[in-house]
Structure formats: C-alpha cells, structure tokens
Amino acid sequence: MSSQDFIRHMGYIGKDLGRRKSVWEYLHIDFPLLVALLILLGFGLMVLYSATDGNVSMMGRQVTFIIVSLGTMLFMAQLDVRILRRWAPWMYLGGMALLVAVIFYGSIGGGARRWIDLPLLPRFQPSEIMKVVLPLCVAGYFSKRAIPPRFKHIFWALVFIMLPTALIAIQPDLGTALLIAVSGLFVILLAGINWKLVFSFLGVTILSSPALWIFYMSDYQKQRVKTLFDPQSDPLGTGWNIIQSQTAIGSGGVFGKGWLNGVQSRLDFLPEGQTDFIVAVLAEEFGLLGMLFLLVLYIAIIGRGLYIAAMAQDTFSRLLAGSIIFTFFVYVFVNIGMVSGILPVVGVPLPMVSLGGTSILTLMVGFGILMSIHTHNRTLIS
Amino acid sequence: MAEKITIQDHQLERQIVLSRIIVGGVIAFFLILALIARLFFLQVNQHDYYSTKSDSYRIHVQPIVPTRGLIYDRNGTLLAENVPSFTLTLVREHAGDVEKVVDVIASLISLTEEDREKIGSRLKNRSIPYSSVPVRFNLSEEEIARISVNQFRLPGVSVEAQLVRHYPEGEIFAHSVGYLGSITEDELKAVDPVNYSGTHQIGKQGIERFYEDILHGQVGYQTVEKNARGQIMNVLDRTDPVPGQDIVLNLDSKIQKAAVEALGDYRGAVVAIDPESGGILALVSKPAYDPNLFVEGISRKDYASLNDPVETPLFNRALAKYAPGSTVKPFISLAALNGGYRTPEDTVYDPGYYQLGNHKHYDWTWWSNKTGHGTVDMQRAIYQSCNVYFWDLAMDMGIDQMHDFLFRFGFGRNVSLDLPQASTGTLPSREWKLNTMGESWYPGETINSYVGQGYTEATPLQLATATMLMSNKGKWYRPAVMKKIGTHSSPEFDSTFLPDIEINNPDYWDFIAESMEMVVNRGYGGEYRTYGSAYPYIAAAEPLKYRMAGKSGTAQVIAIPENYDRADEVPEKYREHAWFISFAPVDNPKIALAVFVEHGEAGSSVAGPIARNILDAYLLDEQGELKAEFIFPQISEEDDESELTMPEKESVVGSASEIPESLPEEKVNLVTVNQ
C-alpha cells in the first residue's frame, strides 16, 4: 500500500494529508471567501457612494473602516481557534463585566445606554464584542461535552445566552439582544438538540406571544409590527420608511434606474438610505438584476462558510463556524426582509454594505475566525 | 493538568453537526428564494405601480402666483401695492412633535394664544401632506434672525418670503379700494380654481373685489423635482404667469384726504364726482378701518372692535340709503317746472304749517317762533328750504310725477359702473307701494316724499350723481371709480343705457342752479330769512373764491311727536341726519358733491361747512386762489351780478361777523325739521 493509498483510505480525515500547502494556506487566507467578500465590499461602496450622494468624508471613513476590518480579519485568521477556545470563558466574563459597566457608566446615544468609554480605546459598544464571544463561549462549552447535548448542558448554555441578552435588552437594544441570542441558539441547534425540544420551545413562544404583545412590547414596537401588515395605517409615521423603501425597490424594475440615478434616495424620500435601508437604493438603481447579484454574493459567502463549517476538523470549529455563518445569514435575511416589507422594521444593517464600521469590523472578525478554522491544523484530529 | 476528559465519538459528532448544517443551509436557501420572490413581486409585477408612485413623489406641478396689479389714484399715488413679507411656516410631517416645536417658537418670538389656535386649525384643514402652513405673518428682521439661529431646534420650520398686499394710505381708501382676504370655499367655487391654485387671497371689498379678475392675472406653472422635505431640487419646465393689470382710479387722494379731515369726528360719508366724466373723485365713509388688518388675517380682538354696533366702521355709509331730506327739493322743483305744475313766479303763503285734512304739517320755522316763511316763490322755497311750498306742490303733482322725474336722475336704482354693492335706495310710487307692501298710496305719504322723508331714501352716491346731473344740465356719465385699466382707458360710455335728461326749457337748469347758489349766499334783503339757509355757515365768515351751488338737508330719523320738547338734549341716535349737496364752480362745474353726516342734526350748519372745505381743497391752489385749470373764461362780471341779484359781495365781508348773531347757533340746531 503506497502512502497515497493510505491517505485515500483514511477517508475524509486524511484527504488533505500530503497535499502541498498553497500560498493562501500559509497566509491562513481562504481565497474564495476573500474574493467574494472583496467583491461584496466593492459593490457596497458603489451603492454607498450613491446613497451618500458622493459624500467624500463619509466614504473616506467607510473605506478606512473596511481596511482596518480587513486587517483585523487577517489577524484573526492567524490565530489558532484553539487559543480562542481556551480564552473563551475569560472573554465571556470580560464581556459581561463591560455590559454591567455600561449599565452604570455607559454613555447615552440615540436614546439608549449602549456605549462605553475606556482609556486608550475609541468609544465602543460592548454588545459588539458579545456578538463574537457568545458563540465562541457556547461552542467551547459544548465541545467539551458529548453531543447531542444533554438537557442539563442545554440549560446551562441557555443561561450563558440569556445573561448577555438580558443585559443588552435593558439598554435597551432589543434588535442586537435578539441577534446575539440567535448566534448562541444556533450553536445549540447545530450541536444536535432534539428537534422535539426545538419545536416545543417554538410552540410555547408562539402561544405566549399575545402575552408578550400585551406585557412586554412597547408602543413603538407594536406599531412596527402593525406597520408590516398595513404600512398605510400611518403613512407619515412608521409607515413612511416602508412605503418609501418599497416604492424605491418597485420603481427600480428589472434593470434599475442606473447608478447614481435613484431618485427616491437622492431626493431624500428614503430615510436611513445610507444605513439600514441601503438595499432600497441598490434595488432602485440596479434593479432586480442588481439584487440577484447581491444575493448571489451572499449565497457564495454563506455557501463557502457552510463548506468551511462542514469541513472543520473538530466539533468546536464546526459549531463556531456554523453559528458565525448562520448569524450572518440572519443579518442578510432580516435586513432585506425588513426593507422589502416582509418583516417588521428592526435596526439591522445590511452586512458589509451599510454605512457604519463597527458592524463590518465584527463581521470581519467572524470571517477571520472562519479562515482560521479552515487553514489551521488541517492534519490534526482534535 | 486537571482537564476533564470526555469520551467523544468524533464520527458521530461530525455526522450530527453536518446534518444540522445541511438542514440549516437548505432552510437558508429557501428563505433567500422567498426574498427573491418578494423582490420579483415588487420589481416586476408591481413595477408600474411603484414607478408611477415614485414619479408622483418626485415631480410636482407647482402654480406660480401672478403678481397682483397695483392700484393708483388719478395722480399716480399708489393706493395698493405688493410688499415682500416674511412668514414663518411649518410642515407638520417634518416637525415631529408640533406642540413642542410651537413652544420653542413661542419662546423665541411673540405668539399669542390666538396664533396658536389658528396654527391648530390651519394644520387640521390642510389637505396636502408635506405642505406648509403659516405660523406667524410679518416677521421682523430680528425675529427672522432669532429663528435662523435656533433653526436646529425647529425641524420643519422655515421662513418664507412672499408678496403681500399693502395699502399705504391705510384707512383713507378702505371703503373705496377695499381689501384682500383669505379665499373662502364659496369664493373659490365662484372663480376658476385652476387660476387660483396658488392664490390664497382674493378681493373682498371695493375695487379689489370688483376688478378681481383684472388685478389677479393668469397663473403660471412650473414642473419641479422635489425631495421629501419639499425642497425644490430642479425646475424641469416653466410657464410664466401673466401679472395682473394695474388700475388707475378716478379717486383723488388729495380730495379724499380733505373729505376725511373735513368730516372730523362725525360719522358720515362723502361722495364727489367729476361732472365732465362721471369719475368718482372721492368716496369716503367714516369711521373706516385699516384694510391692512385683513390681509394677513385679522385678529379676533381687532375684528370685534370693527363690529361696534354704533360706529360700524365696516359699514360703507357712502353706498347706504338714508332719507335725503330737503336735498331732493331742487330736483322736485325742476320736475314741477318741466311738468308745468309751477312757474318760477308762482307763490305760496306759508303760515308755518300746511293743513291736509285734519292734520297740520308744521314747517321747521314753526318750532322756533310759531311763524312761517310768509309768501314764497320757488327760488325762495329752495334757498330757504320752505317745506310748505313743496307740500302744496305735492298735492298738485302727486307721487308718480316725482318718481318718474327723479328716476331719470338715478334715484331708486344703482347705475354705478363698479360699485355693485351700493344700495338702490328707494324711490316710492303707487306701483312701488302696491308691489312691495300690497297697499295703496296715501296723500300724506306724498307730503313726506316731497321733502325727502317717508319712504324716500337715497345714498350719498346717488345724491352726488344727481348733483352732477344738475351741474352739467342733464348730461349722463356713469359714476365710476375706475379710470384706466393698464394702458387702456375705460370703455366708452353707452348713452342708450342712461339717456341724457332733456327738459322742455333748458333755462330751467340755470334757474335751479341759481337757486342753489343762493343757498350759500346772501339773499335780497337784510332779514335773516332772506339769506340762503347755509350762507351764515358757509360763506359768511370767509367769502367764496368761486361760485358754489348747494342744498342742505336735514332728515328725521324718527317721527317727532307733536308735543316733543325740542329744548331737550336729543339722544344721539335720534338726532337728524345732516346732508349737503353741492357743485362748483357754477359757471364751469368741476366737482359735484354729496356730504352725509350721520346724526349731524343740521344740514346747513354741520354738513355745509364740510362741503365747502372739500370744495376748497379741490378747487383752490396753495395760495387759496382758484386753480387756473378751473377758471372759466368769464363772460363779464356785470352779467354775473345782474343775473344772480347778488348785492355787493365784497362789502358783505366786513359785516359777516354780525350775521351768526342774528341766527343763534342753538336756535338753528333745534329748528331743523326738514330744513
């Protein structure tokens, strides 16, 4: 039996053995993912240029953030995920400490106490850190225990998830809280939680939703849900955004009005056209074809991410990669769904495209981890 | 290392996670397909709908309001102009919390409770979303500065510049030029709504109202691209508006002002007409109001003060009907001469009363000394205003003769060109009474009518018109405020509508004019009863510089009971109305005038001097001499005097001061029934 035959017989574990490492692997860069991300970022900048009406300073800041984020991604890719796993509990505790600190010392912005000022660091939202740390922590927790997880482990994982979620929800930042909870829950789902449990949990949630509506949701949240079903109910208030964004998308047609020719956004009809509603600008100017191009890019990134998750060498990496990429999908789906009027309006930016650096930075950290998972220790088994 | 070692089945774990990843991937894929389906629905199925919607947001057709025509008096003095004014406006959709924004505004500039209420109602009535409503008009520069500095606290608030109507002469022309005000729904129905699509104001009164279509002009349009804030980004297409035409009026601000001044504190009216054109030189009603108050929406307080039940400043007395009193006597005299009922020489003996059946009608002289005028001919009946003469005539001539003749002078109808709101007055006849009251005519009613009482009612405008006809010997011109529109002069007068008044013997015109001239002059003898009734008050103190003709009138407001104690102070509202009609110069008439003084009590002594002041203001130059343009090429001085039987005018000047003594003021004031 030649060494080649041995490797072949090792099945999936040995499939990379003996293969010559490419230059990308030395650099710990996943080439397909990087290309897809760069195309998406470039396309996003084009749309943003139109949405900001060629605002040079805004574009400059965005490009700077993108470059910093790309650098951060490459840095993260160099780190072996096992180091992250080892640090995960401490990062979780640190993140929690910051979230508690926000409650007492945080600065207020946009009506909520979300920001924190630390010496030597720019002002940031600790909840952004949690977006990365929580899946890391939950994945680490499960990877040390046999999966499918036992009920006790699921319970503790839920506690890990609920603590930061609750702290962020009271800031209040319900959107981010839910997305962070989702990123943790994805780990539990991927870890093989019994479907029966999942469906019974969903059932309970749906049954308790009237109580949620009555006791928990604030008026503006209720209005957002009402607006989803009937934007005309308050056309000049909450319905305005959704009517305008649908008009922008619909008037774009198949081929769009052309780059820089979108009137809805350029004439200021579309609020938040540079941030959460930027996809309406894209749809107006590039039409259905532009939207399909965008969705193909997202599918490529998500597909590559799922491939990386599937090909990962250990449970921790699989859970983490899966969580990162599904959370990314949730961002895409919620944003486009909201702007096109099939989901209520929640403040979720369009990943990699919307103006705002923090969101891109956090996402890029996630992609850095994906690249790290894919390029480290291919030959080692746990 | 105390790390807990768990036994894990890596193959199984891989299978579990992989299956979940595949399930998740499939779900994600279908959700993305759902997004694509939604996008397809919006961008393909509903593309046309949203395209139209997008254009309608973006492209607005905007009216461009034409500039309103200006109004000038006959000398080119501006009576109505358009001045830039700054208005604070608010767009509700951008303001967020309107209450809060209004509070901020109120902290910066003065804002009354009423202003606030009006903002609320304007916002409620506004039909177009994203359109602005006025918050406060007429901002000062300081207020604009304060708003600008605090602009960041005032979302949706802006300062808009627009042209606003302004009446530089204020009250003086209120009742003739009128004013602009906000268009009501009813008014909008009456005009072409397209032409008024950008216009918020319309002529409410006077010339502004009558010539609305000429002054307004034709609206223009522009197609603009707007953003959601309503800011115009781009003008795509423009049709210029046609500005309204300027109007030149016959009014003369100098005489108008003189009339306002001459009326003093009295309520009343003055109408002056140019006998050579029918042009209305003055149209004054007092008290008046400031028309500028209406332009930007009058405050409730101001409006309440304009509705004073006694002062009634909004009421145009110049066009309202009142009993004309003795001012009708010259016209009735002419009717009697023309109809052959009297010759100039016929006389009547006046014992101080006239007996009709069992009822005695007392002349005004009776109340002072229980005597009458004695033997009076027509001329004396006019210049001494003898009622008994006309009561006697009334019985011979009857009501219908008077009606038919006076109708030709414009009584009982409104013949003005551009004052449709003027009353027609009342010119009674048998037919009129039957039609309006269903009753037959009584002789006693003829008695009243012949001295301008009873049913007979006329407006100051009608009396001025009739006086014009008397001055120009029956030549009709239609009384008109407007002189010229733009560069075109007014259309030629259609004389078939108002045929000139022809009488059997044209000398009668001169005879009546002479009688009217005697009203303001000394008579034949030295006794006061032979003076013209108005002479002591008009010409005695200061001789006239021109030949003036006139007739006083004092009209009862209520029937005075026979036992009424005339020595008592009469409450103001029961005091008689005072009139004076006049024209001058007699040999070359340039102005015909009617002065009405509400509850003025005495035509000769109250209304008479007012008339003279107005004539002086119009006819005399700064040195107090007759203006050259009004001097008629004199035939000869001797002719004048012999004709008029006027004893040495100049010599009277010295003794003028004595004359009022022989006619004590209080006596005159009280003895004024149908003077």
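Predicted model: local features only at pLDDT ≥ 70, side-chain atom pairs only at ≥ 80, totals over all residues.
Arg267(B) sits in the loop that runs between α11 (253-263) and β13 (268-273) of chain B; helices (H or I, at least four residues) and strands (E, at least two) are DSSP runs, numbered from the N terminus. Arg267(B) counts as buried because its relative accessibility is 9%, the cut-off for buried being under 20% relative accessible area with a 1.4 Å probe, protein chains only.

Now to the interface. Chain B puts 44 residues into the contact and chain A 57. Together the two chains bury about 4500 Å², with 70% of it on carbon and sulfur atoms; this is the accessible area (1.4 Å probe) lost on putting the two parts together, summed over both. On the chain B side, Arg20(B), Leu35(B) and Gln43(B) lose the most area to chain A, together 16% of what that side buries.

Residues are numbered from 1 along each chain as its sequence is written, and chains are lettered from A and ligands numbered from 1 in the order in which they are written. Local features need pLDDT of at least 70 and side-chain atom pairs pLDDT 80 or more, while totals for chains, interfaces and linings use all residues, and side-chain values use heavy atoms, without hydrogens and water.

Notes
Contact = heavy atoms within 4.5 Å. Buried < 20%, exposed > 50% of the residue type's maximum accessible area, 1.4 Å probe, protein only.
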